[in-house]
Amino acid sequence: MAEFRNPGDRPATLDISDDTVDKVGRAVGQIALIREAYREGLTELETEDDRQELAQRAESAALKAISEQGLSVAEYNEVVASADDDPTLEQRLIAAAQMD
């Protein structure tokens, strides 16, 4: 779901530790792979039930990728949302995602 904010309502930039950036970055990288596999799998499925089951498995795998990094979904979302407004943080996340 998209977030709707007024330009003046931007949250203050968070002071995010390198450790947290590394964890979120690793989760971002894993989730990107999960999404890619999900998209590829969709093309092979014929029924809506099969597509729903694949979507549920992909969501579970994404949640697991986040929790395996010792993060809550809220923490992960907060850092990713902050990166939308902070190009430096975004670059740090990209670099961490590419480390694996």
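Student: In which part of the structure is the place of glutamine 69?

Tutor: A word on the model comes first. It is a predicted model, in which local features need pLDDT of at least 70 and side-chain atom pairs count only at pLDDT 80 or more, while totals for chains, interfaces and linings use all residues. Residues are numbered from 1 along each chain as its sequence is written, and side-chain values use heavy atoms, with hydrogens and water left out. Helices (H or I, at least four residues) and strands (E, at least two) are DSSP runs, numbered from the N terminus. Glutamine 69 sits in the loop between α2 (48–68) and α3 (73–85).

Student: Is glutamine 69 buried or exposed?

Tutor: Buried means under 20% relative accessible area, exposed over 50%, and partly exposed in between, with a 1.4 Å probe and protein chains only. Glutamine 69 counts as buried because its relative accessibility is 12%.

Student: Which residues does glutamine 69 touch?

Tutor: Contact means heavy atoms within 4.5 Å. Not counting residues up to four places away in sequence, glutamine 69 touches Lys23, Arg26, Ala27 and Gln30. With arginine 26 there is also a polar contact of 2.9 Å between the two side chains. A polar contact is a pair of N or O atoms within 3.5 Å; within protein, one must be able to donate a hydrogen and the other to accept it, and residues adjacent in sequence count only if both atoms are side-chain atoms.

Student: How many helices and strands does the protein have?

Tutor: The secondary structure comes to four helices and zero strands, and the elements run α-α-α-α from the N terminus on. Of the 100 residues, 25% are buried. Among contacts with a separation of 6 or more, 72% are between residues 24 or more positions apart.

Student: At what angle do α1 and α2 pack?

Tutor: Axes are lines fitted to C-alpha atoms, for helices over the stretch in contact, and angles run from 0 to 180 degrees between N-to-C directions. Angles under 35 degrees count as roughly parallel, over 145 as roughly antiparallel, 65 to 115 as roughly perpendicular and the rest as oblique. Helices α1 and α2 pack at about 170°, with their axes 9 Å apart; they are therefore roughly antiparallel to each other. Residues making this contact include Ile31, Ile34 and Tyr38 of α1 and Leu54, Ala58 and Ala62 of α2. By class, the contact of α1 with α2 has 12 nonpolar, two polar and one charged residues. Here Ala, Val, Leu, Ile, Met, Phe, Trp, Tyr, Cys and Pro count as nonpolar, Asp, Glu, Lys and Arg as charged, and the others, Gly among them, as polar.

Student: With which residues is leucine 54 in contact?

Tutor: Leaving aside neighbours within four places in sequence, leucine 54 is in contact with Tyr38, Gly41, Leu42 and Leu45. Leucine 54 counts as buried, at 12% relative accessibility.

Student: How far apart are the axes of α1 and α3?

Tutor: The axes of α1 (residues 18–42) and α3 are 10 Å apart, and the packing angle is about 90°, which means that α1 is roughly perpendicular to α3. Among the residues in contact are Val24 and Val28 of α1, together with Tyr76 and Val79 of α3.

Student: Which residues of α4 are buried?

Tutor: In α4 (residues 87–97), Leu89, Leu93 and Ala96 are buried. Seen down the axis, the buried residues of α4 fall within an arc of 65°, so they line one face of the helix; the arc is that of the directions from the helix axis to the C-beta atoms. These buried residues pack against α1 and α3, whereas the face turned away from the buried side carries the exposed Pro87 and Thr88.

Student: Which residue caps the N-terminal end of α4?

Tutor: Aspartate 86 does so, with a side-chain oxygen 3.1 Å from the backbone nitrogen of threonine 88. Elsewhere in α4 lies alanine 97, which touches Gly25, Arg26, Val28 and Gly29, not counting residues up to four places away in sequence.
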